[in-house]
Amino acid sequence: LYGILYWLVRMIYQIELPAEAKVGRRLIIGHQGGVVISHYATIGDDCLIRHNVTVGGRFGAKDAPTIGNRVSIAPGAALIGAIKVGDDAVIGPNAVVMTDVPPGARVLAPMAQIHDEG
């Protein structure tokens, strides 16, 4: 039954959240679509994950992220490897995080640049 329900959620909502992942209370997935969470990930309480976010290990390994409480993860972010994200951290859009993030920190990807053709 688990396998069928997991497949249905993955196909209909495009959210991959396996039963082995440790998820805290009141996790909010802000928009469905493109959310992938590793089997070995740990997510704290009151976190917000938006669309197209990856929380996973490197090359399928068991070294998945541990995310603290009240962490906000913006669209397109990727948290990869055995990293720890502290409480109240904010991960910005399209940020690729492969190192530990201290509590309350903001991680932002480089801003887009405008190049004038003329």
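Gln14 sits in the loop that links α1 (2-13) to β1 (15-16). In this predicted model, Gln14 has a positive phi of about 60°, although Gln14 is not a glycine. Most residues other than glycine have a negative phi.

Asp46 also shows a positive phi of about 60° and is not a glycine. Its place is the loop between β5 (42-43) and β6 (48-49).

## The four-stranded sheet

Four strands form an open sheet in the order β2-β5-β8-β11. The pairing is parallel. β2 (22-23) and β11 (84-85) stand at the edges. Each has a single partner strand, so one side of each is left without a neighbour in the sheet.

How many bridges join β5 to β8? Two bridges do, and the strands run parallel. β8 covers residues 66-67. At residue level, Thr42 has Thr66 in β8 as its bridge partner. Strands of a sheet pair through backbone hydrogen bonds.

## A nonpolar surface patch

Which residues form the nonpolar patch on the surface? They are Leu1, Ile4, Leu5, Trp7, Leu8, Val9, Met11, Ile12 and Tyr13. Together they have about 940 Å² of accessible area.

Leu1 belongs to this patch and is found in the segment before α1. Is Leu1 buried or exposed? Leu1 is exposed, because its relative accessible area is 78% and the exposed class starts over 50%.

Definitions and conventions: Residues numbered from 1 in each chain as written. Predicted model: local features only at pLDDT ≥ 70, side-chain atom pairs only at ≥ 80, totals over all residues. Heavy atoms only, no water. Pairing = 2+ DSSP bridges. Patch = residues over 30% accessible without salt bridge, like charges linked within 9 Å, V, L, I, M, F, W, Y side chains within 5 Å. Areas by Shrake-Rupley, 256 points an atom, 1.4 Å probe, with all protein chains shown as cover. Salt bridge = Lys/Arg side-chain N within 4 Å of Asp/Glu carboxyl O. Buried < 20%, exposed > 50% of the residue type's maximum accessible area, 1.4 Å probe, protein only.
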